[in-house]
Amino acid sequence: MISATEVRKTINGNEILHGISFEVAAQTVLGIIGGSGSGKTTLLRCLNGLERIDGGTIECDGVRLEAALGDAAYRRRVKELRRKVGMVFQHLHLFPHLTALGNIIEAPVNVARRNRREAETHAHELLTAVGLARAAARYPESMSGGEQQRVAIARALAMRPNVLLFDEPTSALDPRRVAEMRTLLRQFTAAGHTLVVVSHSIGFLTGLADNLLYMEAGAAIEYGATAQLLNAPQDARTREFLQQAH
Amino acid sequence: MPRRVSCPSRLIVILLCVCWPVAAAHAQGELRWGADPSGGAPYVYADPAKPDRYIGYEQELVEALAQAMGRRAVFVPTDWETIVSSLQRGEFDVIVNGLEPTGDRARQILFSKPYYVFQLQLTVRQNESRINSLADCRTRMVGTLGNTAASRLLAQERIPFRAYADPVGAYRDLELQRIDAVLLDVPMEMFYARRNARFKPAGAPFQPGTYVVGLRQGDEKLKAQVDAAIDQIMRDGTLERILRKWNLWDDRQAALRAQLDAPPTAQAETFELTNATFNWPEAIARLSRAALVTVLLAFGAMVLAVVLGMPLALGQSKGPRWLQTVCTVYVEFFRGTPVLVQLLFLYFGLPRLGIVMPGWLTALIGLGLNYAAYESQVYRAALEALPRGQWEAAYSLGMSPALAFRRIILPQAFRIALPPMTNDFVSLFKDTSVAFAISVWELATAYRELANASGEFLLLGGIVSAFYLAMSLPMAHIARRLERRMQRRQIIEQTTVEAAI
């Protein structure tokens with residue numbers, strides 16, 4: 001479903017990503033771990049075109065981004081890509097002037113040009129799925145962090161993407177809610193979605209991610225099945241990170 | 001009981017001690033006379049050859065009067081519109097500025113005996129065929145000097161007129177076809193219009209009146225001295241010599257001199273005094289019309305500013321480098337120079353480039369362009385106050401920049417911008433008063449003219465302030481309600497939902 005090859009990214013003359021490669025099979029979950037400044041959020045932003053890549057290729061659900069493409073062509077590909085990839089930001093970025101329902105139907109109605117009533121019906125289903133059946137008319141301001149996050153997830157799902165990107169989905173949650181969130185995300189793979197989850201919480205990714213990618217200083221250090229990477233890391237740097245994390 | 005004198009009051013005492021003798025000296029050896037030298041030829045004006053020196057027939061007249069009185073003439077440049085109140089406040093001792101002894105002025109100041117007989121002259125453009133007399137002007141716009149016998153005649157005859165601060169502006173607007181005719185005293189007409197090939201007189205001079213010296217009420221002693229001095233320079237031929245020099249001597253002046261020895265009753269019959277008095281209902285009607293102009297001006301300018309401010313803000317924050325520079329230059333130019341100067345430039349400067357607009361449109365566009373600079377900064381601040389994440393969230397949902405701006409950014413930015421925009425609108429509302437500089441008849445102009453004509457500065461000031469408040473307070477109220485409704489809408493919907501649960 002997703003295939004990244006030698007992805008490079010330079011910001012202000014500094015190379016932030018030094019050639020990252022990985023693959024994510026359909027209906028699986030890739031967890032990206034690493035310390036702060038390791039480049040994991042930048043990598044995630046490259047996956048839906050918020051950052052333009054300066055080297056390598058990303059292929060995602062049939063859309064191919066290549067560093068060599070001209071600006072206009074790249075923008076066209078990104079536009080196509082965003083129809084297929086949903087993103088949930090670490091800080092959510094809900095639209096404060098719209099209700100939960102308004103946040104969710106905004107893109108289906110104005111971007112995908114769906115019928116408003118149909119979009120609202122779908123939005124209510126999504127809110128029910130994330131456990132916020134009664135919150136449709138509420139504004140983000142009046143919600144708890146966890147509720148806001150579930151609205152953000154519903155908003156991303158409303159465009160029916162095959163791929164969902166999550167940046168630190170547990171940062172706004174208290175420990176009780178972390179397990180709920182894991183169950184919720186697990187359901188999405190069953191429903192046909194492919195997930196990429198950036199998290200500093202190894203505990204959260206255990207039992208969620210099928211594969212893990214460990215990043216350090218903009219480089220992919222180790223990539224493998226979750227159980228293998230956690231239990232028998234091959235690289236000394238991965239071992240050190242895991243020891244400190246525990 | 002001994003009392004300490006505080007520092008400020010001690011300062012005042014010292015100032016009084018220093019100033020009193022000076023003021024007293026004025027009363028003895030000097031004759032301080034006030035006149036408006038701006039566009040003031042041939043009365044008194046800056047010598048074109050030596051601009052730091054004032055010349056004019058009245059300047060020479062006052063020199064002669066002062067000499068006859070054994071005093072030294074000291075010229076105090078002042079403003080024609082406020083000349084009576086300046087005299088009352090004591091800035092000078094006499095007005096010598098082609099002052100007509102009108103009935104309303106007679107209640108405020110003393111007049112000397114007349115020293116000159118003037119007539120009014122209607123001037124039109126060379127190619128004008130419709131206007132041959134004042135009677136042809138009922139549906140036309142006539143320019144004149146504000147607060148004069150001519151303006152009183154026009155008001156009395158109910159002829160639409162525009163009052164100018166100086167004859168230069170009136171004749172220039174006639175030339176630019178902003179008005180259809182100019183009615184002014186013959187001395188001004190002679191100096192500013194007669195030699196201009198683009199103008200021609202419409203009919204003969206008419207409506208004779210006199211110029212007198214104005215004095216403060218209660219200054220009877222000085223009045224007697226001035227009257228005696230006028231008699232003297234008439235008798236000894238000094239006045240005739242001065243007037244002939246300025247090409248102003250005619251049979252009427254000779255007749256005026258002949259009356260020196262005639263019985264005093266003849267004088268009132270010979271010369272029709274311009275004594276139109278102040279008409280209150282008319283004044284209120286004119287104030288209401290001026291208020292309407294003010295409202296239209298403010299709303300028109302604000303619409304222009306609000307619309308034009310947005311592309312400016314976007315150009316400045318999101319445009320390519322060259323566009324950013326253009327927008328920044330625009331904003332800094334309009335913020336960094338006084339709006340008064342901008343209006344004068346648009347009104348008097350643009351016609352040189354072939355662009356002629358009526359005064360109200362000039363004021364509307366000038367204020368609109370000026371406030372667009374301010375609105376653009378309000379918008380820019382509002383746009384920059386929104387986190388970048390709002391754009392990114394919109395993009396990540398597949399929105400184009402235009403759609404993201406319209407659906408996500410603009411509604412949020414509008415809420416942030418609304419309070420400062422309201423503020424600007426109220427401020428723009430008051431700034432419409434600068435339009436008086438280009439003879440637009442809005443409230444401030446109306447106040448100045450009517451108050452000068454009647455001397456009712458306090459009463460008219462109260463009425464005009466009430467007009468301004470009656471317009472600006474509802475506006476502030478509406479804006480506050482709009483802001484509150486935007487905030488409350490969220491809370492209400494929240495609580496109803498929570499109540500349902």
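**Notes on helix α16(B) and its surroundings**

1. From the α16(B) side, Gln390(B), Trp391(B), Ala394(B) and Tyr395(B) make the contact, and from α17(B), Ala404(B), Ile408(B) and Ile409(B); contact here asks for C-beta atoms, placed from the backbone, within 7 Å. These residues divide into 6 nonpolar, 1 polar and no charged (nonpolar: Ala, Val, Leu, Ile, Met, Phe, Trp, Tyr, Cys and Pro; charged: Asp, Glu, Lys and Arg; polar: the others, Gly among them).

2. Before going further, please keep in mind that this is a predicted model, in which local features need pLDDT of at least 70 and side-chain atom pairs count only at pLDDT 80 or more, while totals for chains, interfaces and linings use all residues. Residues are numbered from 1 along each chain as its sequence is written, with chains lettered from A and ligands numbered from 1 in the order in which they are written.

3. On geometry, the axes of α16(B) and α17(B) come within 10 Å and cross at roughly 130° (axes are lines fitted to C-alpha atoms, for helices over the stretch in contact, and angles run from 0 to 180 degrees between N-to-C directions). The two helices are therefore oblique to each other, the class left over once angles under 35 degrees (roughly parallel), over 145 (roughly antiparallel) and 65 to 115 (roughly perpendicular) are set aside.

4. Within α16 of chain B (residues 388-396), the buried residues are Ala393(B), Ala394(B), Tyr395(B) and Ser396(B); buried stands for 20 or more other C-beta atoms within 10 Å of a residue's own, C-beta atoms being placed from the backbone. Helices are DSSP runs of H or I, at least four residues, and strands runs of E, at least two, numbered from the N terminus. Their cover includes α17 (401-431) of chain B, and also α2 (71-84) and β6 (85-88) of chain A. Just after the helix, Gly398(B) has a positive phi of about 95°.

5. Turning to the interface, 23 residues of chain A are in contact with 19 residues of chain B. On the chain A side, α2 and α3 (100-110) each supply at least two residues.

6. For chain B overall, the secondary structure comes to 19 helices and 12 strands, and 39% of its 501 residues are buried.

Methods
A residue is buried if 20 or more other C-beta atoms lie within 10 Å of its own, exposed if 12 or fewer, and partly exposed in between; C-beta atoms are placed from the backbone. Two residues are in contact if their C-beta atoms, placed from the backbone, lie within 7 Å.
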